[in-house]
Amino acid sequence: MRIKRTVEKLVNQYKTRNPYEIADRMGILVQKNRLGGIRGYYLLYSGIKCICINSEIKDIHTEYTVMAHELGHSVMHEEERCMFFENTFYDKNKYEVQANRFAAELLIPDSIIYENPGMTKSQLSQLTGYDERLIGFKKL
């Protein structure tokens, strides 16, 4: 539950679930660039936290998922170099799983699930606009 608590603290501190707003308030440099097959990455360069998002992502929910995932890396894996390739989002790597959980907790409030008891992941995905696999990372 450490990840959930970390997200709750950030949401309470910054009064938003928007990963771009949180990153801005935390002083994280965010850029959008054409990255080919890379959806996004986080790196720490000369003490400066940087997140780069692929500017060719057209779906806002996918973009926010990538941004929240990379924000998770910046919060939890500060010293690691983390790249979010097309197929690594659902990788079983410990760091990727943690960043996915962070993204799910940030983007999908518990209230959505509590207010819609009995909904399947597919139905919650349709309701929120987020990928069904992201919803699978929620911890209640």
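Reply: Terms first: helices are DSSP runs of H or I with at least four residues, strands are runs of E with at least two, and both are numbered from the N terminus. The model is predicted, so local features need pLDDT of at least 70 and side-chain atom pairs pLDDT 80 or more, while totals for chains, interfaces and linings use all residues. Residues are numbered from 1 along each chain as its sequence is written, and side-chain values use heavy atoms, leaving out hydrogens and water.

Me: OK. Where does Ile48 sit?

Reply: Ile48 is in strand 3, which covers 48-54.

Me: Buried, exposed or partly exposed, for Ile48?

Reply: Ile48 is partly exposed, at 45% relative accessibility. Buried is under 20% relative accessible area, exposed is over 50% and partly exposed is in between, with a 1.4 Å probe and protein chains only.

Me: And what does Ile48 touch?

Reply: Leucines: Ile48 touches Leu29 and Leu43, leaving aside residues up to four places away in sequence. Contact here is heavy atoms within 4.5 Å.

Me: Which residue in the loop between strand 2 and strand 3?

Reply: Ser46 is found there, strand 2 being 38-45. Its phi is positive, about 50 degrees, although Ser46 is not a glycine. Ser46 counts as exposed, at 66% relative accessibility.

Me: What's the phi of Lys15?

Reply: Positive, about 55 degrees, and Lys15 is not a glycine either. Lys15 lies in the loop between helix 1 and helix 2 and is exposed at 70% relative accessibility.

Me: Switching to helix packing. How do helix 3 and helix 4 pack?

Reply: Helix 3 is residues 60-76 and helix 4 is residues 94-107; they pack at about 120 degrees with axes 8 Å apart. That makes helix 3 oblique to helix 4. Axes are lines fitted to C-alpha atoms, for helices over the stretch in contact, and angles run from 0 to 180 degrees between N-to-C directions. Under 35 degrees is roughly parallel, over 145 roughly antiparallel, 65 to 115 roughly perpendicular, and the rest oblique.

Me: Which residues make the contact?

Reply: From helix 3, they include Tyr64, Ala68, Leu71, Val75 and Met76. From helix 4, Tyr95, Ala99, Phe102, Ala103 and Leu106 are among them. By class, the contact has 11 nonpolar, six polar and one charged residues. Nonpolar covers Ala, Val, Leu, Ile, Met, Phe, Trp, Tyr, Cys and Pro, charged covers Asp, Glu, Lys and Arg, and polar covers the others, with Gly among them.

Me: At what angle do helix 1 and helix 4 pack?

Reply: At about 45 degrees, with axes 9 Å apart; helix 1 is residues 2-14. Helix 1 and helix 4 are therefore oblique to each other, and their crossing is right-handed.

Me: Which residues meet there, from helix 1 and helix 4?

Reply: Ile3, Lys4, Thr6, Val7, Leu10 and Val11 of helix 1 meet Gln98, Arg101, Phe102, Glu105 and Leu106 of helix 4. The contact of helix 1 with helix 4 divides into six nonpolar, two polar and three charged residues.

Me: How many aromatic pairs in the whole structure?

Reply: One. The ring centres of Tyr20 and Tyr64 are 5.6 Å apart and their planes stand at 65 degrees, so the pair is edge-to-face. Rings of Phe, Tyr and Trp (its six-membered ring) pair if their centres lie within 6.5 Å, with planes under 30 degrees apart stacked, over 60 edge-to-face and the rest tilted.

Me: Where in the chain are Tyr20 and Tyr64?

Reply: Tyr20 is in helix 2 (residues 19-25) and Tyr64 is in helix 3, 44 residues apart. Tyr20 is buried, with a relative accessible area of 18%.

Me: Last one. What does Ile113 touch?

Reply: Leu124, Lys138 and Leu140, not counting residues up to four places away in sequence. Ile113 is in helix 5 and is buried at 17% relative accessibility. Tyr114 is also in helix 5 (residues 110-114), but Tyr114 is exposed, with a relative accessible area of 53%.

Note on methods: Left-handed = near helix turned anticlockwise from the far one by under 90°.
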